[in-house]
Amino acid sequence: MFYTTVAALVLGCAPAQAADVLVLGQGGEVARRADPGVAARDRTPVRPTHPAVRALASASASKTVASELKRLYGAGAIDRATYAGYRAEYARDKRLAGRLGGVRRRELAGVLGSVDRMAARGSLTSSRLVPLWLQLRRNREWWSTGPLLASGQRVSFKGSELVYQYFPGEGLQIHPLANFGKLNALWRSKVDADRMEQLMDELLAIAAGRAGGVAWEYYFDFDGGAPPWVSSLSQGTGLQSLARAAVKSGRGVEILPVLRKGLTVFETAPPSGVRTHADGGIHYVQYSFAPKLQILNGFIQSLVGLYDFASIADDADAQKLFLEGDTAARREVPRFDTGSWSLYSRGGPVHDESNLNYHQLLTDFLTSLCDRTDEAVYCDTVQHFERYLKESPEVKLLTRRLRGGRTGALRFGLSKISRVNVQMRRAGKLVLSYGAILGYGTRAITVKPPRGAGTYDVRISATDLAGNSTSLADTLQILKARA
């Protein structure tokens, strides 16, 4: 979900390409707008926590949106006009969801359901009302008059620069990282100063209070996490891009003090923040709801963001946070290098290798950190990862004998994630064909050879994600079947 923004555009180090984003007008007309630094569609598979079809929260819940708005009003956190306006708008959206049908009903109900569940958990704070009700308003507009969308499609609205992403079952969601990537691209542009400043102001308006400071939160269920959650990758890129835009627009004195409040997320442990202890330093986790999961590309980019913010704002706290993370990163980076490819994550159920996009993204992020620090571990790993894009996978047959007529394991070693095809022949006749995408390490496939003893020819072909191929020809002895 997070990574279809091109690294160069996130980092603002190359001219931005612009994607055609659908823009909905007030009369329901749809136009296309060139938005630099934004992919028109995020094709990353999404694994939501809850079923795609959302149900509105139970009316018997002890905490409801209405009761939580009333509580905020009673505590003086919002004034009477805000209370009345938000309550009326929420009620109107629920009535509209009941009148809509099919996909439109499901999506508006999904967004409402997310707000309901946040209210039930006591997470409906006054500072979150602005982004949440903006999101409700935009979903009401789109599902009332806009076209149906493909999963991951990015859209916007006339008069606004904010970008939203479509998550089936959860409607349109403000996507902080996509917007920060766009802001970096607008900062890079020589002609988009007005658009840059407008997007900067819109992003500042939706910052929410978190961990004693401010954060740009995500308000949808994702991969085991419930909203509101925050990402080190997104928060670091946000501080970087907003600081750049603030200085370029001549508003640094006004805005940089506000951005300094965004550092508290890096000073606070999950689930409020992203700070975890690791390797004698600090690892900033990608997801505040997954403190044990280490995703290297997000961690590295969060360090780049902290480094840049510290430089732009001359901020000692940001510099300290960077150095704490740098201490851990210099020890972690080699552990994500398999010797043939990069790992995407550690600390989860499995150590996943990067797909091609993530491998290239991590390489770009490490290049940026190498440029800033000249640390050998970052610079050397960049060279390794670039070399792996050109090297063919290595395959080795490990099983030498199997018993005929009996199920066994044909084991082989594979150096990196590849599309693998295994064929076994006897006297030219094909007796086994198997194909799959497999990760690195010792792999095994279940086979049941014919009962007759003899020598079989085995061919294993492997093509890695970058298109490099290899093929191994070897023999396998099949022992006579036992009576």
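User: What is a salt bridge?
Analyst: A salt bridge is a side-chain nitrogen of Lys or Arg within 4 Å of a carboxyl oxygen of Asp or Glu. The model discussed here is predicted.

User: How many salt bridges does that rule give?
Analyst: The count comes to 28 salt bridges.

User: Which residue does Lys 182 pair with?
Analyst: The side chain of Lys 182 forms a salt bridge with that of Asp 35, at 2.9 Å from N to O. Lys 182 belongs to helix 6 (residues 176-188) and Asp 35 to strand 2 (residues 30-36), so this pair ties together parts that are 147 residues apart in sequence.

User: Are those two buried or exposed?
Analyst: Asp 35 is buried, with a relative accessible area of 0%. Lys 182 also counts as buried, at 0% relative accessibility.

User: And what about Arg 33?
Analyst: The side chain of Arg 33 meets that of Asp 35 in a salt bridge of 2.7 Å, N to O. Arg 33 counts as buried, because its relative accessibility is 15% and the cut-off for buried is under 20%.

User: Changing topic, what does Asp 308 pair with?
Analyst: Asp 308 and Arg 372 form a salt bridge through their side chains, at 2.7 Å from N to O. Asp 308 lies in helix 11 (residues 296-313) and Arg 372 in helix 13 (residues 356-373), so parts 64 residues apart in sequence are tied together by the pair.

User: How accessible are they?
Analyst: Asp 308 counts as buried at 9% relative accessibility, whereas Arg 372 is partly exposed at 23%.

Key: Residues are numbered from 1 along each chain as its sequence is written. This is a predicted model: local features need pLDDT of at least 70, side-chain atom pairs count only at pLDDT 80 or more; totals for chains, interfaces and linings use all residues. Side-chain values use heavy atoms; hydrogens and water are left out. Buried means under 20% relative accessible area, exposed over 50%, partly exposed in between (1.4 Å probe, protein chains only). Helices (H or I, at least four residues) and strands (E, at least two) are DSSP runs, numbered from the N terminus.
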